[in-house]
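Hello,

Here is the structure for your files.

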Amino acid sequence: MERVSKDFEGGNQKIRALEAVTFDVFPHEFLCIVGPSGCGKSTLLNAIAGFSLPTSGRLIANGVEVTLPGPDRGMVFQEYALFPWMTVADNISFGLKVKKLPKEKIREKVDTLLAKLQLVDFRDRFPKDLSGGMKQRVAIARVLVNEPEVMLMDEPFAALDAQTRIAMQMLLLRVWERLRTTILFITHDIDEAVFLGDRIYVMTARPGKIKSLIPVPLERPRRYEMVTSPAFNATKAKIFDLIKEETSALVGAFEV
């Protein structure tokens with residue numbers, strides 16, 4: 001990503017959401033982005049996905065400029081975005097059927113991911129019969145089955161309760177450790193970013209810029225007890241202070 005800026009029309013004026021954002025994502029890494037509410041995190045991810053072109057700057061994926069959505073970039077949304085009339089297996093296999101893969105190959109790939117994401121017993125269920133965590137597992141499987149080079153995740157666990165969220169973080173890590181798909185993960189939760197990520201980009205308040213890059217000094221594989229370690233807490237505190245600098249003006253407006 002090279003000096004990407006994004007403007008939106010707001011009444012009679014332009015609103016700048018992103019300002020000259022430049023960063024790299026390394027192959028097979030788990031990269032997280034955090035920042036204040038409204039700083040343009042989702043706008044950034046939509047641009048990388050090819051859903052919304054930047055006003056200026058360039059997005060490069062594997063040496064090719066991004067101008068449209070593509071199979072090399074798979075998106076997992078917060079809202080699940082499952083087809084309610086399809087079963088779990090049919091939701092996961094949808095993209096493969098569009099590609100007209102042989103039925104045997106589709107079945108093999110779907111069965112593998114159902115097992116990895118602990119969904120075997122729910123293959124013939126419909127989304128209405130699933131919990132939030134299960135729906136998100138199906139959404140993740142639907143992306144992974146197409147074997148994208150990069151998986152883009154826009155606050156995928158934000159709507160889940162605390163216990164389910166932790167379970168989903170652990171499950172995602174285990175799947176990533178096996179498949180090593182490059183992940184770009186947007187979150188507003190600092191703990192989540194530190195627990196999951198190899199590196200963390202911290203963004204400024206709007207217009208969003210890259211404020212700082214924080215490497216995560218935790219070994220892999222990650223274990224949940226690491227969240228009480230000195231390294232975890234020191235990294236969390238550093239990121240909290242960076243974001244606090246960006247929100248101090250907003251907080252000050254409400255002080256008496």
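A pocket here is an open set of grid points with protein on both sides within 12 Å along at least five of seven lines. The model is predicted.

Pockets

By that definition, the second largest pocket holds about 420 Å³ of space. Its lining is made up of 18 residues, and nearest the centre are G74, M75, R142, V143 and N146. Three elements, β7 (73–76), α2 (88–98) and α4 (132–144), each supply at least two residues of this lining. The most comes from β7, with four residues. Sorted by class, the lining of the second largest pocket has 11 nonpolar, four polar and three charged residues.

The largest pocket has a volume of about 500 Å³. It is lined by 22 residues, and V25, I60, A61, N62 and V150 are the closest to its centre. Both β5 (60–61) and β9 (182–186) supply at least two residues of that lining. The lining of the largest pocket comprises 13 nonpolar, four polar and five charged residues.

Cysteines

The search of the whole structure for disulfides came back with zero. For C32, the closest cysteine sulfur is that of C39, and because the two are 14 Å apart, they are too far from each other for a bond. C39 is likewise in no disulfide, with the sulfur of C32 as its nearest cysteine sulfur. C32 is buried, at a relative accessible area of 0%. C39 is also buried, with a relative accessible area of 0%.

Regards

Notes: Residues are numbered from 1 along each chain as its sequence is written. This is a predicted model: local features need pLDDT of at least 70, side-chain atom pairs count only at pLDDT 80 or more; totals for chains, interfaces and linings use all residues. Side-chain values use heavy atoms; hydrogens and water are left out. On a 1 Å grid over the protein atoms alone, a cavity is a set of points where a 1.4 Å probe fits but cannot get out, and a pocket is an open set with protein on both sides within 12 Å along at least five of seven lines; lining residues have an atom within 4 Å of a point. Grid points are joined across faces, edges and corners, and a volume is the space filled by probe spheres set on the points. Ala, Val, Leu, Ile, Met, Phe, Trp, Tyr, Cys and Pro count as nonpolar, Asp, Glu, Lys and Arg as charged, and the others, Gly among them, as polar. A disulfide is a pair of cysteine sulfur atoms within 2.5 Å. Buried means under 20% relative accessible area, exposed over 50%, partly exposed in between (1.4 Å probe, protein chains only).
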